[in-house]
Each structure stands twice: as structure tokens, then as C-alpha cells.
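Subject: A structure for you to look at

Hi,

Here is the structure I promised to pass on. Please open it beside this email and follow along as you read.

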Amino acid sequence: MNSIIITDLDGTFVKDSISVSPADILKMKKMQEEMLIGVATGRSLKEITYIEEQTGIKFDIKIGFNGAIVESFGKKIVDTALDETLKNQIIAFLVEHHIKFDALDGEAKIGTYSSENLSKSWNMSFHLPPNVKEALENTRIYKINIRPNQDEGIQILEMLKTKFDSVEICQSGPERIEITPLNITKGKAIELVKKSHELKVVAVGDSENDIDMLACSDYAICIAHASEAVQAVSDTVVNNFYEFDL
């Protein structure tokens with residue numbers, strides 16, 4: 001096989017962020033007969049495993065935390081956490097400005113935010129320590145999710161980009177901003193996969209953190225609810241994952 005399909009999870013392969021539809025599972029299993037399959041998500045490898053167990057599908061390539069961790073055929077080839085000093089500065093800034101967040105270490109979500117809809121947590125627990133700065137010291141964190149209200153997202157995004165220029169910052173929804181180490185994106189991970197395995201990549205996504213992944217893929221598909229910016233870098237737009245043809 002010289003090609004691979006790599007899909008985003010939330011809003012794409014897991015359209016409702018709770019479970020994968022039977023039609024989408026069937027589509028992925030049919031694709032697996034013809035090509036390699038992979039996933040690229042802002043979530044952890046633990047959560048990718050949750051989807052594998054739910055669907056009975058085993059992914060060949062797993063890109064977690066937007067590329068901070070990449071696993072290729074069971075072997076971890078990228079493992080990049082946020083710089084400790086920089087991470088502590090970001091956490092202190094968020095706490096000082098009373099901005100809700102959760103920091104991801106691969107096993108749990110640690111911070112000042114907890115979701116009311118645990119069906120979207122995929123076996124990940126939320127920890128709300130009384131002293132979050134102290135709790136996160138010397139903790140290896142791969143990604144920080146900022147959780148603004150819809151009316152303050154743009155303002156917080158601009159504040160963060162002005163204050164911290166040595167990390168990747170992306171608004172992936174009206175109520176979520178994602179921070180990862182510098183040069184850690186889904187697109188960078190896709191480029192690594194293409195070079196390492198000489199594969200043609202079909203990418204599927206729906207959010208702003210999918211833009212560079214879609215742009216650098218050989219064929220790009222996005223879900224119809226995606227923004228104009230996402231659709232602009234896509235070759236095909238479909239309503240559901242199972243609807244596209246190659």
C-alpha cells in the first residue's frame with residue numbers, strides 16, 4: 001500500500017464527539033481493505049484507543065495532541081511536550097486572568113475547566129486541583145485547551161498570541177483555543193508521515209486545526225459544517241465521513 005487516509009476525530013469521524021456512526025465505521029473498514037488508515041486529533045493516544053475499542057478498528061498511524069505525539073505502526077516516533085518554563089508561564093497567565101483551561105498529560109485533563117457532558121470525555125477524567133499552578137509544576141504537558149466563552153474567544157486568542165510567540169496557538173472552535181509546542185501541528189505530522197513512509201495522504205477534517213493538514217495532503221476532504229477557511233483548502237466537501245469517494 002502506498003497511500004493512507006488520515007482523519008480528524010471530533011466533528012469528522014466522530015461527528016457528534018460521542019460515538020462513531022455505523023455508516024462511518026463501515027466506510028473506514030472498507031477503506032482499510034485498500035489503503036492504510038490513520039487518525040490526527042487534538043486528543044490523546046488514550047482517547048484514540050477508546051475509539052479503536054468502540055469501533056473495532058486499529059489505526060496504522062496515530063497523531064495525538066495535534067502532532068505532539070506520533071505513533072507509527074505501534075512505535076512512537078514523536079514525543080514533544082511543552083517546555084517546562086514556558087508551560088508554567090502560560091499556566092500562571094491563565095490563572096491570573098481567570099481564564100478556564102485544561103492541560104493534557106496523556107492520562108487526564110488538569111486545570112480549572114470540567115465538562116458537564118462526560119460522554120465526550122472518552123475515558124479521560126478532569127482534575128481540578130485547589131492549587132493548579134503547583135499541581136502542574138514538573139508535569140509533562142503536551143497541549144493546553146483554553147475554554148473561553150463565545151464572546152471572548154477572539155480577545156483571548158489575540159492576548160495569547162501577543163504574550164506567547166514561542167508556541168503554536170490555534171482557535172479550533174468558538175469555545176476552544178489550543179496551545180501546543182512550537183512547530184507542532186497536524187500538518188507537520190502529516191509531512192513527517194509522508195516522508196518516513198513515502199505515502200500519498202488523503203486527509204479528512206473539519207476545523208481550523210486541520211487546515212495545514214488538509215493543505216499539505218495529496219487529497220483533502222472536509223465536512224460541510226467546516227468554516228470557509230477550511231473548505232478553501234479542501235478538494236471535496238461532504239456532509240458525512242462515509243459519503244466521499246476516491
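Below is what turned up in it, starting with the cores.

A quick word on the basis: this is a predicted model, where local features need pLDDT of at least 70, side-chain atom pairs count only at pLDDT 80 or more, and totals for chains, interfaces and linings use all residues. Residues are numbered from 1 along each chain as its sequence is written, and side-chain values use heavy atoms, with hydrogens and water left out.

The cores

A nonpolar core is a set of buried Ala, Val, Leu, Ile, Met, Phe, Trp, Tyr and Cys residues joined through side-chain atoms within 4.5 Å; buried means under 20% relative accessible area, exposed over 50%, and partly exposed in between (1.4 Å probe, protein chains only). The largest one here has 31 residues, and those touching the most other members are Ile5, Leu9, Phe13, Met28, Phe59 and Phe244. At least two residues of this core come from each of α1 (22-32), β2 (36-40), α2 (45-55), β12 (200-205) and β13 (219-223). Helices (H or I, at least four residues) and strands (E, at least two) are DSSP runs, numbered from the N terminus.

Take Phe244: apart from neighbours within four places in sequence, Phe244 is in contact (heavy atoms within 4.5 Å) with Ile5, Lys27, Met31, Val204, Ile221 and Val238. There is also a second, separate core of 23 residues, including Ile90, Leu94, Val132 and Ile169.

Two asparagines

Which way does the phi of Asn123 go, positive or negative? Although Asn123 is not a glycine, its phi is positive, about 70 degrees. Asn123 sits in the loop between β7 (108-111) and β8 (125-127), and is exposed at 56% relative accessibility. Asn138, also not a glycine, has a positive phi of about 60 degrees. You will find Asn138 in the loop between α4 (132-136) and β9 (143-146), exposed with a relative accessible area of 71%.

The largest pocket

A pocket is an open set of points on a 1 Å grid over the protein atoms alone, where a 1.4 Å probe fits, with protein on both sides within 12 Å along at least five of seven lines; lining residues have an atom within 4 Å of a point. The largest pocket is lined by 41 residues, with Asp10, Ser17, Arg147, Glu175 and Arg176 nearest its centre. Elements giving at least two residues each to this lining are β9, β10 (167-173) and β11 (176-181).

Enjoy exploring!
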